[in-house]
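Me: I'd like to learn how to read a protein model feature by feature. Could you walk me through one?

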Amino acid sequence: MTEDPEELAERKMRFLFALRQRGVTDPRVLQAMERIDRGGFVRGHFQDRAYEDTPLPIPCGQTISQPSVVALMTQALEVGPRDKVLEIGTGSGYQAAILALLCRRVYTVDRHRRLVSEAEDIFRHFGLSNITAMVADGSRGLPEQAPFDRIMVTAAAEDPPGPLLAQLKIGGIMVVPVGQSDAVQTLIRVRRGETGYEYDELRQVRFVPLVEGLGQT
Ligand code: SAH
């Protein structure tokens, strides 16, 4: 990570500019992306690339998503300040931290214990006290805290998982990448209405797969 504060400020400005260029227009989302320093979620020599619009490796063979994808998914979720949000796939904790600035409470789960515990340390460091991180198989959702106003899935499923659909409130929104893990996937937004679910396709994305069961580490 560069030591020069001017260069760092310049990099962060370019980072926000890149988000706007990619279609991130919601001022609340841009403000949250500005406040949460992505550099805090990336380790080792990848830290130098924290402000590039690119996914980067994190432990357990996973990835921190591309910032413009994080921002566009957050924007698509239409999160309100009173919402209770579930995120599947804590990973580095970056997406959960952004969500935490926009809603009342975030529950985030990952199948890797190591990722959950490292993310918890970062949440404490940033003073984000409205995030609860847990080790769990997110393909089952989090029945003990359901229903949720919003659900964000940050790993690709072949179909939107049934338990997650069931744990969405009426009027709720879920954003989920759908498709095979080795191919380009489609980001889907699901709205739950009084009488059923409405689906719309947002864009092409590439995520690591949603894997059932807990990880070894
Ligand atoms: N949102 C993350 C990026 C997530 S990468 C960030 O901001 O950094 C996808 C994550 O989903 C990985 O950490 C992976 O371990 C997790 N994952 C995959 N299948 C899962 C499942 N069934 N339950 C919970 N987490 C899962």
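This is a predicted model: local features need pLDDT of at least 70, side-chain atom pairs count only at pLDDT 80 or more; totals for chains, interfaces and linings use all residues.

Me: How should I class Cys-60 by accessibility?

Reply: The class follows from relative accessibility: buried is under 20% and exposed is over 50%, with partly exposed in between. Cys-60 has 23%, so it counts as partly exposed.

Me: Which residue follows α3, and what is its phi?

Reply: That is Glu-78, with a positive phi near 50°. Glu-78 is not a glycine either, and it belongs to the loop between α3 and β3 (84-88). Its relative accessibility is 38%, so Glu-78 counts as partly exposed.

Me: And where is there a cis peptide bond?

Reply: Look at omega for that one. Ala-146 and Pro-147 are joined by a cis peptide bond, with omega about 5°. Pro-147 is in the loop between β5 and β6 (148-153).

Me: What does Leu-77 touch, leaving out residues up to four places away in sequence?

Reply: Its contacts are Val-85, Leu-99, Arg-150, Ile-151, Met-152, Ile-173, Met-174 and Val-175. Leu-77 is also among the buried residues of α3, along with Val-70 and Thr-74.

Me: How many of the residues of α3 are buried?

Reply: Ten of the eleven, so α3 is largely enclosed by the rest of the structure.

Me: Now the helices. By what are two packed helices described?

Reply: By the angle between their axes and the distance between the axes. For α3 and α4, the angle is about 40° and the axes are 11 Å apart. The crossing of α3 with α4 is right-handed.

Me: Which residues make the contact of α3 with α4?

Reply: From α3 come Val-70, Thr-74 and Leu-77; they meet Tyr-94, Gln-95, Ile-98, Leu-99 and Leu-102 in α4. By type, that contact has six nonpolar residues, two polar and no charged.

Me: At what angle do α2 and α4 cross, and how close do their axes come?

Reply: Their axes cross at roughly 125° and come within 9 Å. Angles of 65 to 115 degrees count as roughly perpendicular and those over 145 as roughly antiparallel. α2 and α4 are therefore oblique to each other. This crossing, too, is right-handed.

Me: Which residues meet there?

Reply: Arg-28, Val-29, Ala-32, Met-33 and Arg-35 in α2 meet Tyr-94, Ile-98, Leu-101 and Leu-102 in α4. This contact divides into seven nonpolar residues, no polar and two charged.

Terms used: Residues are numbered from 1 along each chain as its sequence is written. Side-chain values use heavy atoms; hydrogens and water are left out. Contact means heavy atoms within 4.5 Å. Axes are lines fitted to C-alpha atoms, for helices over the stretch in contact, and angles run from 0 to 180 degrees between N-to-C directions. Helices (H or I, at least four residues) and strands (E, at least two) are DSSP runs, numbered from the N terminus. A crossing is left-handed if the near helix is turned anticlockwise from the far one by less than a right angle, and right-handed if clockwise. Ala, Val, Leu, Ile, Met, Phe, Trp, Tyr, Cys and Pro count as nonpolar, Asp, Glu, Lys and Arg as charged, and the others, Gly among them, as polar. Angles under 35 degrees count as roughly parallel, over 145 as roughly antiparallel, 65 to 115 as roughly perpendicular and the rest as oblique. Buried means under 20% relative accessible area, exposed over 50%, partly exposed in between (1.4 Å probe, protein chains only).
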